[in-house]
Amino acid sequence: MDGARRVLVAADKFKGSLTAVEVAERVGAGLRRVVPDIAVEALPVADGGDGTVAAAVAAGFERLEARVAGPLGDEVTAAFALRGDTAVVEMAEASGLARLPAGVPAPLTASTYGSGELLRAALDAGARTIVFGVGGSATTDGGAGMLSALGARFLRADGEPVAPGGGGLADVASADLSGLDPRLAEVELVLASDVDNPLTGPKGAAAVYGPQKGASPQDVETLDAALAHFAKVLEGTVGARAAEYAASPGAGAAGGIGYGALLLGARFRAGIEVMLDVLGFAPALERADLVITGEGSLDEQTLHGKAPAGVAAAARAAGKDVVAVCGRLALPAEALGRAGIRRAYPLTDVEPDVAKCIADAGPILERVAERIAGDFLT
């Protein structure tokens with residue numbers, strides 16, 4: 001790619017070190033140090049998980065805020081993004097691990113109620129299309145909390161509401177969705193996720209992701225059984241489609257909130273594909289000679305729906321060269337090549353000390369970008 005003079009930086013965050021916006025800024029600074037007249041276009045990306053709203057705001061969406069319930073019911077300020085009548089809502093803003101008080105996990109009691117309130121805030125703001133990015137959740141409640149915030153009722157045998165969280169679902173005796181916000185029937189709801197797990201079973205929400213949220217092996221069993229019971233009760237309310245949704249790809253996303261979204265009529269799409277559409281990636285790609293993507297760790301997970309893989313696939317289809325930056329590289333050159341990435345530049349190539357890479361990611365990334373400029377732009 002000798003002589004390239006327009007670079008598109010479309011990278012995700014380096015989790016724990018740099019936001020996607022900061023990654024783009026640092027890469028641009030390093031490139032300009034070597035090629036001062038280089039045109040750098042920044043398009044921070046996300047795959048539906050935490051950082052999705054920030055990526056939308058960086059692309060020109062308006063950032064709006066709402067006071068909603070955190071995963072344990074305490075009030076938090078959560079953001080969503082709006083442009084025209086399209087909203088980007090990130091469930092982690094309300095119900096994410098980062099919202100747990102003092103970071104203490106609550107696998108059986110954490111609720112998605114605040115995510116439902118955030119969806120309602122987007123409806124109140126006039127959204128007709130809602131991209132619902134799910135990931136980074138503290139919850140495993142099958143979306144029951146979210147549905148409750150939107151008007152559904154889940155009752156015990158004694159007629160009282162079930163307790164919040166996945167553990168409470170074991171007591172659901174009846175489900176009533178007749179009170180759901182009528183505006184939901186008039187919006188296009190897109191479930192954006194980088195995982196395609198079903199709701200229950202060995203690849204379900206509790207088994208695969210519960211341990212990351214503090215669930216013990218016994219908790220995982222409890223949650224999986226409760227989610228299965230929840231889906232069975234809903235089958236009695238809405239018919240066979242409740243079981244179909246439970247087995248559908250994406251139902252197990254973010255502790256099963258994907259299942260709740262499917263019950264609302266959401267369409268499941270790979271998060272990075274949705275976000276590339278929403279962020280205006282195609283025209284930006286057309287203007288670019290070289291694309292730089294990346295994330296904190298380029299590893300096996302990257303190849304399964306993460307942002308860099310989505311960016312690289314789209315760029316390769318357009319005949320553009322792609323290189324990647326990362327904190328840590330755990331993929332061989334062949335795997336990178338199959339993904340459409342010509343070469344990856346980990347921070348550890350510049351600074352072998354991983355702790356320093358995390359602490360000083362910005363300046364080290366600039367030095368990495370200088371190397372990219374030397375290899376591809378001079």
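A disulfide is defined here as a pair of cysteine sulfur atoms within 2.5 Å. By this rule the predicted model contains zero disulfides. The sulfur of C326 has its closest cysteine sulfur in C357, at 9.9 Å, which is too far for a bond. C326 counts as buried because its relative accessibility is 0%, and C357 counts as buried because its value is 6%.

Residues are numbered from 1 along each chain as its sequence is written. As the model is predicted, local features need pLDDT of at least 70 and side-chain atom pairs count only at pLDDT 80 or more, while totals for chains, interfaces and linings use all residues; side-chain values use heavy atoms, with hydrogens and water left out.

Helices (H or I, at least four residues) and strands (E, at least two) are DSSP runs, numbered from the N terminus. Two strands are said to pair if DSSP finds at least two bridges between them. Strand β3 (residues 62-69) and strand β4 (residues 75-83) run antiparallel and are joined by eight bridges, with E65 standing opposite A79 in β4. The hairpin of β3 and β4 has five residues between the strands, and G73 there takes a positive phi near 95°. β4 is also joined to strand β5 (residues 86-90), again antiparallel, by four bridges. A81 has V88 of β5 as its bridge partner. In the hairpin of β4 and β5, two residues lie between the strands, and G84 in the turn has a positive phi of about 65°.

Parallel pairing involves strand β9 (residues 188-193), which is joined to strand β6 (residues 129-133) by five bridges. In this pairing F132 stands opposite L191. β9 also pairs in the parallel sense with β10, over four bridges, and V190 has R267 of β10 as its bridge partner. Five of the six residues of β9 are buried, so this strand is largely enclosed by the rest of the structure.

In helix α12 (residues 307-317), the buried residues are A307, P308, A309, G310, V311, A312 and A315. They pack against α10 (271-279), α11 (281-287), β11, β12 (321-329) and α13 (333-339), where contact means heavy atoms within 4.5 Å. G319 follows α12 and has a positive phi, near 75°.

Pockets were located on a 1 Å grid over the protein atoms alone: a pocket is an open set of points where a 1.4 Å probe fits, with protein on both sides within 12 Å along at least five of seven lines, and lining residues have an atom within 4 Å of a point. A volume is the space filled by probe spheres set on the points, which are joined across faces, edges and corners. The largest pocket has a volume of about 1200 Å³. It is lined by 42 residues, of which K15, D50, G136, D194 and K306 lie nearest its centre. β11 gives the most to this lining, with three residues. The lining of the largest pocket comprises 11 nonpolar, 16 polar and 15 charged residues, where Ala, Val, Leu, Ile, Met, Phe, Trp, Tyr, Cys and Pro count as nonpolar, Asp, Glu, Lys and Arg as charged, and the others, Gly among them, as polar.

Methods. Buried means under 20% relative accessible area, exposed over 50%, partly exposed in between (1.4 Å probe, protein chains only).
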